Amino acid sequence: MAETKSQTPKLDELEKGRWPSFVKEIKTAAQKSPMAADLLGQLELSYNEKIGHWKHGGIVGVMGYGGGVIGRYSDVPDKFPNVSHFHTIRINQPAGWFYTSDALRKLCDIWERHGSGLTNMHGSTGDIIFLGTSTPHLEPIFSELTQAGFDLGGSGSDVRTPSCCVGPARCEWACYDTLALAYDLTMNYQDELHRPAFPYKFKFKMSGCPNDCVASIARADCSIIGTWRDSIQMDKDAVREYADRGMDIRSEVVDNCPAKCMDWDGKELHIDNSYCRRCMHCINIMPKALRPGKDRGAVVLLGSKAPIIEGALLSSVLMPFIKIEAPYRQIKDVIERIWDLWCEEGKNRERIGEFIQRVGLGNFLEAIDVEPVAEMVAHPRENPYVFYEEYFVEDEEEEKK
Amino acid sequence: MPEAMQERLTDIGPPHYEKFLPPVIKQNYGKWKYHEVLKPGVMVHVSETGAKLFTVRAGSPRLVSTDKIRKYAELADKYCDGFLRFTSRHNVEFLLTKQENIDPLIKDLKALGHPVGGLQNSISSIVHTQGWIHCHSAATDASGIVKAVMDELADYFETMVLPGKLRIALACCLNMCGAVHCSDIAILGIHRRPPKIDHDNLHKTCEIPSVSASCPTAAIRPATVGGKPSVEVIEERCMFCANCYTVCPSMKLNDPLNDGVSIWVGGKVSNARHEPMFSKLAIPFLPNNPPRWPEVTDAVKNLVELWAKNARKYERMGEWIERIGWPRFFKMAGIEFRKEHIDDFKHAGLTFKRSTHLNY
Amino acid sequence: MAKTVEEVAEAMYNMIKDATGLKKLKATDLTKGIIEMFGDEVDKQICKDAIKQLVNSGRCVYTYFGGSFIELPHKEGAAND
């Protein structure tokens, strides 16, 4: 097997340069794993031919689950027999991506016994990704992972592994406990995460403040973004310190305020909080002087996604402000009503954002029993084609449907 | 079989995060008062209690071997009592309570080949997908372009000299695993040739009605080809989304002659100042030219440097372009404006210039 | 009279078997089909339990082809030995 090791001049080029090299990582793994060695060979072939050499496998998985394993087969298994199977395993990361060295070593032990030794820390959705194993290893990996306290993440038409920002663990801007909510929803929806029962995927992402470090507004079907209702907390002396140390408060802070709700008289910063849009800019650049208010909670938004199928969407407001407190019934109730409706009426591969576009936000809100509020729209409709639902008929006193 | 099922642990979920939090975090959870960036890649969080937590952030290729993870673990043991975390952009962060450990840790990280930085006004690691390493629908490689681009931009990771944050992301096809569509610069793999249909096998592996239904422009219809039930594609209607290929492996779009990369600019997800925005098309096509994709690295570097030279402090790529206007952006960037730049999907009209706010 | 999980699972299995090669069924298709078939004698939870039983017993498997389906176990075209 060793003598068939491919020559890889193109990939060798990517061992050079300042940024850490993924080729070096594959070569390191290849010292122990024939699978990693053949991956290198097949990738060099792709670099020569400018085309990928993988086939999608839609059936492999662990017994009982419909998610967590992505099947892959080489389309050149004769040349690279060790990557004939090269399945991915998604492992649900701990909230906030915190680890101990011991936990990481346990994961490495399992993966060196059963796979290529290559990983992504982490995948885009947030899972730990184990890259490359064969079908007979799937059950042993799963069993060893669960013994070590880990479980698989989502894939397919299910709840995808929820992910969250670092939150109150290390951030003064966290307006709610993102880790606690991510963990709670993950545990509460284990069945929905492992056994696909939806028209398509459903992603939760929790960001503790409007900086949105996990990009929830761009890629979560349900984006839960921390905010506050009262006034920005200000330490006036600390503001002056920033000014004394050379910050131009007018041009850097006041002029950048999207709401134009602040003023600087050379000594004191004034904020008209009733107009503040909670954008975070002033807080971001003066973290020692300004902080989010004390009456904290979150905005719940729905519907973002990448382009496939009907075009990319950003999430839009569903609940302008809620307090985020265990057991999070308010969020769970509305989400479960949404799932019921979507499972009933949604089309195959239709994300919730596309579903809302198709049926109309107004109808959607009515069906999930949420009152429309002005915070849900950038502006009211511009076109006059209104679907009025009731009208009067002559000689009838009551409105008729 | 039933007995075996009994013994299996299922639905246990991830380990509880509290097990992995260092004592300084447990004691100061939710009590952090402010933070300061001390130097590139190093910040301190200060608690109401006065406790301090130092973070050292290092870049990573995202694709890491177990050997590398073990090295991270060793460093965490040596400097941080075994505690570390990862970020949403694939960086690794070491969590220290002893300030004197910062510089030795940085030295060790650099010896390991991992740059320290990515905070504040810098370019953080590139969020990206699998590419030819693992994906069946990739129109380009991911790791290779990311490596080549970051080799050029590593200075901007290790310093904080840019006007504001710059977020680059790469997706190897339109499925866009990751938030590529809201990045300052997005590198997107694209197909440009309609699917090559495997008429011999399509009826065996795919349901014809599902294949037809998968097309957002209704370009696919049932047909009998060579006596076998199959489909045909109205080529003028194909926009190369590959949704049919996702549903049916006999509709292959991968094509070495026509696959390549497009470049998108001006997106953001943060609410700071301007609301979140989608990225917009800057360069419709660049060729796949492995191993270093020089056309792509040059284009990205040009855009970064143009923005760095001209944007105001804190202005993100999209905010800068919105201020100067797209015509000027195209002129300054030396990019020819073409038919492909004009949207022709749903709601395209909303992207037309509907005012006389123009400069000359 | 309420149906048992076993009865629902059996009915689902037959739906899947009959649809094989014609249409891949999703969990939502099975649930809707069963509710149409048995009306008040079933609810969504029993459908969920029945799917779980079919998959846990190995009689059916989850598959993914641009969406998740429930099918009879078979070797797929892409699989290498």
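**Exercise 1.** Determine how much area chain B and chain A bury between them, and what part of it lies on carbon and sulfur atoms.

*Solution.* Chain B and chain A bury about 10,200 Å² between them, with 59% of it on carbon and sulfur atoms, where buried area is the accessible area (1.4 Å probe) that two parts lose on being put together, summed over both. The model is a predicted one, in which local features need pLDDT of at least 70 and side-chain atom pairs count only at pLDDT 80 or more, whereas totals for chains, interfaces and linings use all residues. Residues are numbered from 1 along each chain as its sequence is written, chains are lettered from A in the order in which they are written, and side-chain values use heavy atoms, with hydrogens and water left out.

**Exercise 2.** Count the residues in contact and the salt bridges between chain B and chain A.

*Solution.* Taking contact as heavy atoms within 4.5 Å, 110 residues of chain B meet 118 residues of chain A. Next, with a salt bridge defined as a side-chain nitrogen of Lys or Arg within 4 Å of a carboxyl oxygen of Asp or Glu, the count is 16. One of these joins A:Asp109 to B:Arg70, whose closest N and O atoms are 2.7 Å apart.

**Exercise 3.** Compare the radius of gyration of chain C with that of a compact globule.

*Solution.* The radius is taken over C-alpha atoms, and the globule rule is 2.2 Å times the number of residues to the power 0.38. For 81 residues a compact globule would have a radius of gyration near 12 Å, and the 13 Å of chain C agrees with this. The C-alpha atoms of chain C fill a box of roughly 45 × 20 × 20 Å along the principal axes.
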